[in-house]
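Let's take a friendly walk through this structure together. Have the sequence and the 3D view at hand as you read.

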Amino acid sequence: MNDRVIPLLDARRAAPIATPGAVASVGPVADGRGRYMRDLRISITDRCNFRCTYCMPKTVFGRDYPFLPRDELLSFEEITRIARIFVAQGVTKIRLTGGEPLLRRNIERLIEMLAAIPGLELTLTTNGSLLAKKAQNLRDAGLQRVTVSLDALDDPTFRKMNDVDFPVAEVLEGIAAAEVAGLGPLKVNMVVKRGTNDHAILPMARHFRSSPANAGHIVRFIEYMDVGSSNGWKLDEVMPSAEVLKLIGDEMPLAAVDPNYPGEVAERWRYLDGGGEIGVISSVTQAFCSSCTRVRLSTDGSLYTCLFATNGHDLRGLLRAGRSDDEIGAALGALWSERTDNYSEQRSAESTSLSTALKKIEMSYIGG
Ligand code: SAM
Ligand code: SF4
Ligand code: SF4
């Protein structure tokens, strides 16, 4: 095993959560910076059939990589129970992620179970490789929308970035199938890495624009982030969103659009000629910690209050120790009220030294 793996294993150890006793959960609570918990991202597998160089580089996630054994994963019943408890704490949206969530066997059954929770927006982020086959079943099970990740439209660049030689045509088939199945409006996520796929920005924008013949999809250009400890992140490989907007806007003029809701992570822009809209997610150059309402649950049931956290909290331990929903809800509320995370703001303030100093958790383990 490559010794770069060791910090990740350490980081996967979650701290036990204190339960305040048999106290009824109190509903939404503000964290230490006045933010409420709204979005829950659940990683349902730490495995993936891609090896995107910025997320699961082969040098670290090789053949002998110790992925989680099956009994460490949260079961569908555990995920659904915890989802209900989160909803009682104010969560209104759940996104299933991974690893590659469509690799989890019988995911349709999990979606059926989650879709039965009243008042919940249920979405999923996927690399699209299995979407052509699964889109209709996912929709039938109650999934509302999907976001598909796609880093380039030209085959050589895409194959190089997914690093498993996966062809772009199959992801495009998946996107088309999702649209037909009614999983729209679709968002397409492109991580921009300077020098690797910045030449693919304009073709992506042109391709997914809407036209009289085609409803189009919303492409979101994401700044390459220093998530985890294995992707060898360097600041000079980040292309600031301002540059992306200039590049696109020079050819296809853009105007800013108001957010759909307070705290929306993507900044929205629309084409002045009516060609739909795009988004930019600028977590490196314009930190949005002040409005961060996200909480993340890892594949093995650890809770992370920040994407860049170094420690999780062992929620699975509470579930398996026979704690009641009220006890777990109260523990979640207490954890959230203590939260003061603002990693991206600190990174901006302290330059990049923070990024390499911390042993952060991997993206594939807690999802995006
Ligand atoms: N496998 C699925 C996929 O790729 O859509 C879901 C999990 S993936 C970890 C979730 C999102 O995180 C994807 O859109 C991916 O592009 C993004 N992502 C992964 N590593 C990233 C990084 N270092 N910087 C920015 N985004 C990243
Ligand atoms: Fe897999 Fe998604 Fe990470 Fe790519 S970004 S390696 S598809 S989990
Ligand atoms: Fe939220 Fe942490 Fe990202 Fe800031 S760095 S926006 S607190 S997840």
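The paragraphs below look at a ligand shell, a strand residue and a pair of helices.

This is a predicted model, in which local features need pLDDT of at least 70 and side-chain atom pairs count only at pLDDT 80 or more, while totals for chains, interfaces and linings use all residues. Residues are numbered from 1 along each chain as its sequence is written, and chains are lettered from A and ligands numbered from 1 in the order in which they are written.

Start at ligand 2. The residues around ligand 2 (C-beta atom, placed from the backbone, within 6 Å of it) include Cys48, Cys52, Cys55, Arg51, Glu100 and Ser149. By class, this shell has five nonpolar, five polar and two charged residues; Ala, Val, Leu, Ile, Met, Phe, Trp, Tyr, Cys and Pro count as nonpolar, Asp, Glu, Lys and Arg as charged, and the others, Gly among them, as polar.

Ser149 also leads us to Asn189: these two are in contact, meaning that their C-beta atoms, placed from the backbone, lie within 7 Å. Asn189 sits in strand 6 (residues 187-192). Asn189 counts as buried because it has 21 C-beta neighbours inside 10 Å, where the cut-off is 20 or more.

Now turn to the helices. The axes of helix 7 (residues 201-208) and helix 8 (residues 241-251) come within 10 Å and cross at roughly 55 degrees. Ile201, Leu202 and Ala205 in helix 7 meet Val244, Leu247, Ile248 and Glu251 in helix 8. That contact has six nonpolar, no polar and one charged residues.

Key:
Axes are lines fitted to C-alpha atoms, for helices over the stretch in contact, and angles run from 0 to 180 degrees between N-to-C directions. Helices (H or I, at least four residues) and strands (E, at least two) are DSSP runs, numbered from the N terminus. A residue is buried if 20 or more other C-beta atoms lie within 10 Å of its own, exposed if 12 or fewer, and partly exposed in between; C-beta atoms are placed from the backbone. Lists of a residue's contacts leave out its neighbours within four places in sequence.
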